[in-house]
Amino acid sequence: MSDATGQPINRPTRPAWLEVDLGQLAENFRLIRADAPAGLAIGSVVKDAAYGHGAVEVARVALCQGATCLLVSNLDEAAELRDAGITAPVLLMGERMESELPACLELGLSLAIGNAPAAEGASRLAAALGQALPVHVKIDTGMSRYGARWDAALGLVEKIVALPGLRLDGLFSHFSMSDEMDKSFAHQQISRFRAACSAVERAGLEAGCRHLCNSGGFLDLPQAHLDMVRLGLLPLGVYPSSVCRRIDGIHPVGTLKTRLAAVRDIHRGDNVGYGLHYQAPGERRIGVLPLGYGDGYPRVRNAGHVLVRGKRAPIIGANAMDSTMVDVTGIPEAVAWDEVVLMGQQGECEITAHDLAAWKGTVSYEVLTAWRSRLPRVYLNGGAVH
Ligand SMILES: *Cc1c(COP(=O)(O)O)cnc(C)c1O
């Protein structure tokens, strides 16, 4: 555990933490590398603290395993990487306010640019400073989020190439549906992106690095690999959906753990938790976990379970901000301060991010990014303990 200045804190961490296995992360990157065609560059998406796993830690492993660039969503995230001494190329996705541009140049970032005013603003500043700002042109092929529409992308690329202070390094787009059975829209996006890239090449311009795939696209749309793929979820050992292709040996990197803070016996008719959502149907032994929805755990009512002594213990009642009650009647060996797994494996049992997503009514991405910073991160196999 360290404070904001990196000084170690000499007190025990709370008994609820996210364990991040950097050895498994490295193994996942190795397996991805082995699965990928030779020459395909891997970009590591470490936005939102690498989906809660720690941006700097994940970035270091990614770079060690051959990732050629890091991608983030905002300036703070990029600065965190630079502050940690990471000098690898960092591509900032999304749009920037003009006031953010000087810092982007100072940090040596590559910028995503998706419209002419943004290109002009970046050009003015970079040219005034005598710099060549690396630019990846964002092409909208169907998300209607950022970027120039595929049929108007050539105009933007030509403008960027003509402007001083900018260096065209790549063209990219993003799938809106790459991890489901129905790939028809993804195929349409691939054609649109290819058409935009061809138009750029026919105009005699060097497109640079072309990238379109996220984890789902990497797994299931090899025809869209192009020059680089941008992987966030898959290296963390979580698949974007239940239907996408599997790679043998890839396993989750993050395990959410806590301990039984109390074990108690309750009697028939006793109520458990806020809102009277559970009443004991008979003699019951329950465990109290010192974490709740304030840690990013789903707010559930008599749904979901945790792992205690390698067995499943159902959640009873409604969990609170800081506590969650489970039924351990069937696990008589359970005692106070036993380790509990809320996401991950214990013995033969496993609770996946997808299980939690189902209880929360969301997707695995949100389950991972929801783990709050008040849950200490503990790094195994290669990392210091934070
Ligand atoms: C988040 C993000 C990715 C990574 O997606 P995964 O499914 O996590 O691999 C790739 N590209 C863009 C533009 C993103 O925003």
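Okay, leaving aside neighbours within four places in sequence, D295 is in contact with R14, M321, A370, W371, R372, R374 and L375, where contact means heavy atoms within 4.5 Å. Before I go on: this is a predicted model, so local features need pLDDT of at least 70 and side-chain atom pairs count only at pLDDT 80 or more, while totals for chains, interfaces and linings use all residues. Residues are numbered from 1 along each chain as its sequence is written, and side-chain values use heavy atoms, with hydrogens and water left out.

Back to D295. You'll find D295 in the loop between β15 and β16 (305-308); helices (H or I, at least four residues) and strands (E, at least two) are DSSP runs, numbered from the N terminus. D295 counts as buried because its relative accessibility is 0%. For the cut-offs, buried means under 20% relative accessible area, exposed over 50%, and partly exposed in between, with a 1.4 Å probe and protein chains only. The D295 side chain also makes a polar contact with the side chain of R374, at 2.8 Å. A polar contact here is a pair of N or O atoms within 3.5 Å; within protein, one must be able to donate a hydrogen and the other to accept it, and residues adjacent in sequence count only if both atoms are side-chain atoms.

Another aspartate now, D327. This one sits in strand β18, residues 324-327. Is D327 buried or exposed? Buried, since its relative accessible area is 11%. Its side chain has polar contacts with the side chain of R284 at 2.9 Å and with the side chain of T329 at 2.4 Å. Not counting residues up to four places away in sequence, D327 touches Y278, R284, R285, A313, P314 and I316.

What is the strand order? We have an open sheet of 3 strands, β12-β15-β18, with antiparallel pairing; two strands pair if DSSP finds at least two bridges between them. The edges are β12 (262-266) and β18, and each of them pairs on one side only. On average, neighbouring strands in this sheet are turned by 30° against each other, direction ignored. That angle uses axes that are lines fitted to C-alpha atoms, for helices over the stretch in contact, with angles from 0 to 180 degrees between N-to-C directions. β12 and β15 (residues 284-289) run antiparallel and are joined by 5 bridges. And R284, the partner of D327 in that polar contact, stands in β15 opposite I266.

G269 is partly exposed, because its relative accessible area is 29%. Beyond four places in sequence, G269 touches Q279 and A280.

Zooming out. The chain has 11 helices and 21 strands, and 52% of its 386 residues are buried. Along the principal axes, the C-alpha atoms fill a box of roughly 80 × 50 × 40 Å. An automatic or database domain assignment supplies the bounds: domain 1 is 36-236 and domain 2 is 254-380. Their C-alpha centres lie 39 Å apart. At the interface, 7 residues of domain 1 are in contact with 7 residues of domain 2. The area buried between the two domains is about 790 Å², with carbon and sulfur atoms giving 59% of that; buried area is the accessible area (1.4 Å probe) that two parts lose on being put together, summed over both. On the domain 1 side, Y51, H53 and L233 supply 55% of the area buried against domain 2, more than any other three residues.

Last stop, two helices. α3 is largely enclosed by the rest of the structure, because 7 of its 10 residues are buried: A55, V56, E57, V58, A59, V61 and A62. Those residues pack against α1 (22-35), β2 (41-45), α2, β3, α4 and β21 (377-380). After α3 comes G66, with a positive phi near 100°.

In α4 (residues 75-83), the buried residues are L75, E77, A78, A79, L81 and R82. Their cover includes α2 (47-52), α3 (55-64) and β3 (69-72). At the start of α4, a side-chain oxygen of N74 reaches to within 3.1 Å of the backbone nitrogen of D76. α4 is followed by G85, whose phi is positive too, near 90°.

That's my tour, thanks.
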